Amino acid sequence: MEKIIENFIGCDCGFEDSDIVLFGAPFDSTTSFRPGTRFASKDIRSNSYGLETYSPYQNADLSEISVFDGGDLELCIGDQHKALKTIEEYTDEIVENGKIPFMIGGEHLVTLAPVKSVLKKYPDLHIIHFDAHTDLREEYLDEPYSHATVLRRIWDITGDGRIHQFGIRSGDKPEFEWAKSHTDIHLFNFDGLESAIESIGEKPVYFTIDLDVLDPSVFPGTGTPEAGGVTFTQLLSAIFKAAKLNIVGCDTV
Ligand code: MN
Ligand code: MN
């Protein structure tokens with residue numbers, strides 16, 4: 001007899017045979033405006049049964065890709081350092097086994113953990129970041145580890161020129177000033193994505209998508225909705241372009 005446990009539709013491969021490991025990081029301790037992202041991975045998984053595994057956009061079927069759905073991690077909601085440690089240990093195991101981690105957040109802070117894991121294996125890692133927000137604050141509410149600082153914490157361990165940001169339309173003035181000399185920042189849409197892809201070439205990439213890059217008229221259910229975002233088809237076409245890169249880890253939050 002086999003256990004009957006819900007996984008994301010079409011992702012019923014075993015761990016050993018998988019190329020990609022999907023898992024949820026249900027954590028939203030530092031969310032500043034509207035909490036609830038901790039429920040996202042469960043909801044995304046159960047709502048996946050309203051989709052087909054076949055994508056006419058890509059003429060590809062998810063059931064032909066070897067994805068293991070590991071379920072949701074048990075995270076310490078009140079302590080982001082403990083939560084990040086749990087995620088990092090889990091993604092270390094995925095990366096050490098030669099597989100690609102695919103995390104569903106959770107607030108954006110969770111991205112720091114899998115980035116640390118893949119960076120150990122790929123020191124020349126680049127980051128593709130789709131978001132409404134810069135997420136580049138040094139501190140937010142006196143806290144250096146927050147959804148609003150996560151890309152700054154990633155910069156701490158990657159350095160200049162490795163972070164490529166798109167769709168950005170919110171942040172404070174010092175963040176935008178700082179970004180000019182430290183990250184490859186592109187405002188409002190995906191202009192400049194092709195040249196970034198060209199310059200990255202074959203280098204390993206971690207791809208993180210904060211779904212608030214979408215316009216709130218398309219995707220209102222996010223912690224900090226921000227008007228002026230991209231459409232669903234714009235996001236889809238940007239994902240298809242970026243997906244041609246050498247992706248070694250990814251998430252959506
Ligand atoms: Mn974000
Ligand atoms: Mn955001």
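Select helix 3 (residues 112–121) and helix 4 (residues 150–158): their axes come within 10 Å and cross at roughly 15°. The axes are lines fitted to C-alpha atoms, for helices over the stretch in contact, and angles run from 0 to 180 degrees between N-to-C directions. Helices (H or I, at least four residues) and strands (E, at least two) are DSSP runs, numbered from the N terminus. Helix 3 and helix 4 are therefore roughly parallel to each other; angles under 35 degrees count as roughly parallel, over 145 as roughly antiparallel, 65 to 115 as roughly perpendicular and the rest as oblique. The crossing is right-handed, the near helix being turned clockwise from the far one by less than a right angle.

This is a predicted model, in which local features need pLDDT of at least 70, side-chain atom pairs count only at pLDDT 80 or more, and totals for chains, interfaces and linings use all residues. Residues are numbered from 1 along each chain as its sequence is written, chains are lettered from A and ligands numbered from 1 in the order in which they are written, and side-chain values use heavy atoms, with hydrogens and water left out.

Show side chains for the contact (heavy atoms within 4.5 Å). Helix 3 contributes Leu 112, Val 115, Lys 116 and Leu 119, and helix 4 contributes Val 150, Arg 153, Ile 154, Ile 157 and Thr 158. By class, this contact of helix 3 with helix 4 has 6 nonpolar, 1 polar and 2 charged residues.

Next, select Gly 105 and Gly 106, which are joined by a cis peptide bond with omega about 10°. Gly 106 sits in the loop between strand 5 (100–105) and helix 3.

Then go to the loop between strand 6 and helix 4, where Asp 135 is placed. Phi of Asp 135 is near 55°, a positive value in a residue other than glycine. Asp 135 is buried (under 20% relative accessible area; exposed is over 50%, partly exposed in between, with a 1.4 Å probe and protein chains only), at 5%. Asp 142 is in the loop between strand 6 and helix 4 too, with a positive phi of about 65°. Asp 142 is exposed, at 68%.

Move to helix 7 (residues 232–242) and select Leu 235, Leu 236, Ala 238 and Ala 242, which are buried. They cover an arc of only 165° around the axis, which puts them on the same side of helix 7. The buried residues of helix 7 pack against strand 6 (126–130), helix 6 (193–200), strand 9 (204–209) and strand 10 (246–252).

Finish in helix 6 at Glu 198, which is exposed, with a relative accessible area of 69%.

Notes:
The arc is that of the directions from the helix axis to the C-beta atoms. Ala, Val, Leu, Ile, Met, Phe, Trp, Tyr, Cys and Pro count as nonpolar, Asp, Glu, Lys and Arg as charged, and the others, Gly among them, as polar.
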